[in-house]
Amino acid sequence: MRSIQTASILIQNLSVPCFNHCRYCLLSWDGKEVGAPWERGVALAERYITELTEARPQVSVSFAFGYSMEHPALPEALRTLRRLGSPTADFLQCDGMAMRDAAECGELMWMLKAAGIKRLNFTVYGLSAYHDRFAGRRGDFDLLFRMMCAADAARIPFSTGIPITKENIKDADELIHSLKEIGNEKVSLFIPHEEGRGKALASVRLEQQDLSALSPEALSLLNRTLYRTESEWLSDPDPVQVTRRLILISLRADNIEQYEKRSALSVLAEIEALDEAYYAAFPAFHELAGIYGDPKGDRLYRIRDLYHHYRSLYAADHHLEVYDVTDERYSGSRRY
């Protein structure tokens with residue numbers, strides 16, 4: 001087994017609401033913020049970053065907040081992110097924001113530009129009616145396009161990702177054309193994972209044959225090195241090549257008091273031990289593939305997602321109770 005090294009640490013605070021209720025949500029947003037109070041979380045993050053940077057200078061440490069970027073004092077929050085060295089101080093994800101008219105979108109974008117934001121990203125689930133149903137909010141599609149127009153006017157580069165499934169693939173070409181026409185620097189297609197609420201999309205996961213619905217231009221926007229069929233992954237003698245992990249320290253209302261009493265290094269050691277225990281509870285990928293894999297399977301996955309799929313089946317079959325380090329609402333890890 002390869003040795004896994006902690007390469008980065010992300011301290012997050014899920015204290016800001018999202019205005020959508022998407023079918024595809026890694027964090028399983030249910031309308032209730034689970035994060036710690038903002039000022040308290042920032043104070044602890046500052047201390048942890050100082051301690052971790054001094055003790056592990058080779059490991060990158062950063063801070064982020066969610067569920068959306070709609071912080072009630074966004075300029076101040078962005079200054080905090082920049083002070084704490086967060087990548088999101090330059091690159092902002094603009095999904096789940098509050099509803100705004102065209103003038104308000106313009107005000108937002110000029111404020112973001114003044115705050116030093118260098119790039120924006122959006123997620124669009126399909127054409128207007130489908131997107132709004134998927135996002136769980138009427139008018140969200142039009143809001144995203146208003147924000148894109150405003151970003152273009154403010155000269156903030158932006159890109160868009162489209163999670164592609166059996167349900168929306170027929171509309172992909174029209175959607176891509178509209179997104180490029182409005183000024184997107186980059187449009188990419190990706191296949192949703194099964195984590196969080198993503199498991200509800202398992203029945204509409206793309207198969208190889210579905211790709212024929214895409215034009216050559218649209219197909220070129222899906223990374224077929226990253227997304228392969230199950231049979232393609234199973235024919236690879238060593239598909240899971242992970243050597244590093246990100247440790248996620250999630251500051252929550254139900255753990256902030258405990259974390260405030262502890263050193264960052266003790267919390268880090270605890271989460272690293274949880275990571276080791278989680279992966280030790282499952283057979284290796286090739287063993288799971290021997291049990292659950294379909295050598296002729298033509299559904300498309302990232303290898304991380306296929307591995308997660310097999311672990312989920314194994315956990316259900318064996319009634320396995322182990323702390324799930326992949327649930328990103330809580331402290332945990334991400335191997336890569």
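Ser128, His131, Asp132 and Ala135 of helix 4 meet Asp140, Phe141, Asp142 and Leu144 of helix 5, where contact means heavy atoms within 4.5 Å. Helices here are DSSP runs of H or I with at least four residues, strands are E runs of at least two, and both are numbered from the N terminus. Sorted by type, the residues of this contact are three nonpolar, two polar and three charged. For that sorting, Ala, Val, Leu, Ile, Met, Phe, Trp, Tyr, Cys and Pro are nonpolar, Asp, Glu, Lys and Arg are charged, and the others, Gly among them, are polar.

All of this comes from a predicted model, in which local features need pLDDT of at least 70, side-chain atom pairs count only at pLDDT 80 or more, and totals for chains, interfaces and linings use all residues. Residues are numbered from 1 along each chain as its sequence is written, and side-chain values use heavy atoms, with hydrogens and water left out.

| Helix pair | Axis separation | Angle |
|---|---|---|
| Helix 4 (128–135) and helix 5 (140–153) | within 7 Å | roughly 105° |
| Helix 3 (102–114) and helix 5 | 8 Å | about 50° |

The axes are lines fitted to C-alpha atoms, for helices over the stretch in contact, and angles run from 0 to 180 degrees between N-to-C directions. Helix 4 is therefore roughly perpendicular to helix 5, while helix 3 is oblique to helix 5. The cut-offs: under 35 degrees is roughly parallel, over 145 roughly antiparallel, 65 to 115 roughly perpendicular, and the rest oblique. On the helix 3 side, Ala102, Cys105, Gly106, Leu108, Met109 and Trp110 meet Leu143, Arg146, Met147, Ala150, Ala151 and Ala153 of helix 5. That contact divides into 10 nonpolar residues, one polar and one charged.

Strand 8 (244–251) and strand 10 run antiparallel, joined by four bridges, and leucine 246 has arginine 334 in strand 10 as its bridge partner.

Over in strand 2 you'll find serine 62. At 14% relative accessibility, serine 62 counts as buried (under 20% relative accessible area; exposed is over 50%, partly exposed in between, with a 1.4 Å probe and protein chains only). Leaving aside neighbours within four places in sequence, serine 62 touches Ile9, Leu10, Ile11, Gly85, Ser86 and Pro87.

Definitions and conventions. Two strands pair if DSSP finds at least two bridges between them.
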